[in-house]
Amino acid sequence: MQFEPWQQWQKRDIDGCLVNRAKGLLPEMECTKQLVRLVGEVYKPGLRVLDAGCNAGHYLRGLRRLDKCLRYIGVDVNPNSIDLARTLFADDTHAHFEVRDINSGLFPEDPLDIVFCCNVLLHLPDPRKPLRNLLASCKQVCFVRTLLGEYTTISKRLMTHEFDAAGNPTDYYYQNTWQTDYFHTIARECGWRCELIPDEFDPGVLQKEYESIKEGKGTRTIGGLQADGPILYQWMWSKMVPA
Ligand SMILES: C[S@@+](CC[C@H](N)C(=O)[O-])C[C@H]1O[C@@H](n2cnc3c(N)ncnc32)[C@H](O)[C@@H]1O
């Protein structure tokens, strides 16, 4: 199958750290703690929750602290992630996993109460369709964690130094920051109200993981922000509710 240069998760192995977090062999991510707090503020028993770009399903472990019966659907574009998540959470009768692409649509015919999408949109070339699809599949509250800031900045981390005839790299990750107001205008045009929530994490934990678990190969911290090489991640949460 032919993939676009930026479609990293379709063409590379599943991230071993995320798999080990899903297995409970590594601690949960710092953003899991905040996600569980944010979902906990709006969750009531019986509500259905969608995790868009769920990978191997590691957030589910944290969400289970809120409710052992929380009705969870995890979707990911990568069939290997979904196969693995199904295996790891085979005993969880309230969890369900499906292959879906947030660029082509989720569950508009059967929207869920709470939708979240963490650490995915920065890696896509254009936020408009995925954000509209997330909102079209949400009834009450949608949380997005991504890079938002004063400017839109398109950034590519190259996986090769091969370039096509037009000078474009042939294999890279996007690490895009969207201007906050531009991002929120997309949601407002769909009839949603947006609240910006600062990201909270302990930089010490990330730095320690960089040195120990990731053996100097992952992201580290600079001045309290997560950094991937020279790129600083300005993480934010957007909480969206129907206007
Ligand atoms: C950086 S990982 C983040 C995983 C998880 N959400 C987290 O925060 O740890 C990006 C995930 O998004 C998934 N993904 C990328 N593009 C997607 C798409 N178009 N539709 C659904 N999932 C996608 C990838 O397969 C991968 O599991």
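Is lysine 33 buried, partly exposed or exposed? Lysine 33 is partly exposed, because its relative accessibility is 33%. The legends below return to this residue. The model shown is predicted.

**Figure 1. Glutamate 30 and lysine 33 pair up within helix α3.**
The two side chains meet in a salt bridge, with N and O 2.4 Å apart. Both residues belong to helix α3, which spans residues 30-42. They sit 3 residues apart, about one turn of the helix. Glutamate 30 has a relative accessible area of 8% and is therefore buried. Lysine 33, at 33%, counts as partly exposed.

**Figure 2. A salt bridge joins aspartate 171 to lysine 11.**
The N to O distance is 3.0 Å. Aspartate 171 lies in the loop between β6 (156-158) and β7 (172-174), and lysine 11 lies in helix α1 (residues 8-11), so the pair ties together parts that are 160 residues apart in sequence. Aspartate 171 counts as buried because its relative accessibility is 15%. Lysine 11 reaches 32% and is partly exposed. The pair also belongs to a salt-bridge network that links Lys11, Arg12 and Asp171. The structure as a whole holds 14 salt bridges.

**Figure 3. Arginine 128 and aspartate 126 form a salt bridge.**
Their closest N and O atoms are 2.6 Å apart. Arginine 128 is partly exposed, with a relative accessible area of 37%. Aspartate 126 is also partly exposed, at 27%.

**Figure 4. The ligand sits in a shell of 19 residues.**
The closest residues are Gly53, His58, Tyr59, Asp76 and Asp101. By type, the shell divides into 9 nonpolar, 7 polar and 3 charged residues. Which part of aspartate 101 lies 2.8 Å from a nitrogen atom of the ligand? It is a polar side-chain atom of aspartate 101. Backbone atoms take part as well. A polar backbone atom of cysteine 118 is 2.9 Å from a ligand nitrogen. A polar backbone atom of valine 77 is 3.3 Å from a ligand nitrogen. On its own, the ligand has 580 Å² of accessible area, and the protein covers 94% of this.

**Figure 5. Asparagine 55 has a positive phi.**
The angle is about 55°, although the residue is not a glycine. Asparagine 55 is placed in the loop between β1 (48-52) and α4 (58-63). Is this asparagine 55 buried or exposed? Its relative accessible area is 5%, so asparagine 55 is buried.

**Figure 6. Asparagine 119 also has a positive phi.**
Here phi is near 65°, again in a residue other than glycine. Asparagine 119 lies in the loop between β4 (112-118) and α6 (128-136).

**Figure 7. Ile222, Leu225 and Leu232 make a nonpolar surface patch.**
The patch has an area of about 210 Å². Isoleucine 222 is found in strand β10, which spans residues 220-222. How accessible is isoleucine 222? Its relative accessibility is 37%, so isoleucine 222 counts as partly exposed.

**Figure 8. Isoleucine 231 is viewed together with aspartate 171.**
Isoleucine 231 lies in strand β12 (residues 231-233). With a relative accessible area of 26%, isoleucine 231 is partly exposed. Along the chain, isoleucine 231 and aspartate 171 are 60 residues apart. Their C-alpha atoms are separated by 18 Å.

**Figure 9. Valine 205 and arginine 48 are 31 Å apart, C-alpha to C-alpha.**
Along the chain, 157 residues separate the two. Valine 205 is found in helix α8 (residues 203-211). At 29% relative accessibility, valine 205 counts as partly exposed.

Note on methods. Residues are numbered from 1 along each chain as its sequence is written. This is a predicted model: local features need pLDDT of at least 70, side-chain atom pairs count only at pLDDT 80 or more; totals for chains, interfaces and linings use all residues. Side-chain values use heavy atoms; hydrogens and water are left out. A residue is near a molecule or strand if one of its heavy atoms lies within 4 Å of it. A polar contact is a pair of N or O atoms within 3.5 Å; within protein, one must be able to donate a hydrogen and the other to accept it, and residues adjacent in sequence count only if both atoms are side-chain atoms. Accessible areas come from the Shrake-Rupley method with a 1.4 Å probe; for residues, only the protein chains shown count as cover. Ala, Val, Leu, Ile, Met, Phe, Trp, Tyr, Cys and Pro count as nonpolar, Asp, Glu, Lys and Arg as charged, and the others, Gly among them, as polar. Patches are made of residues with over 30% relative accessible area and no salt bridge: like charges are joined within 9 Å, nonpolar side chains (Val, Leu, Ile, Met, Phe, Trp, Tyr) within 5 Å. A salt bridge is a side-chain nitrogen of Lys or Arg within 4 Å of a carboxyl oxygen of Asp or Glu. Helices (H or I, at least four residues) and strands (E, at least two) are DSSP runs, numbered from the N terminus. Buried means under 20% relative accessible area, exposed over 50%, partly exposed in between (1.4 Å probe, protein chains only).
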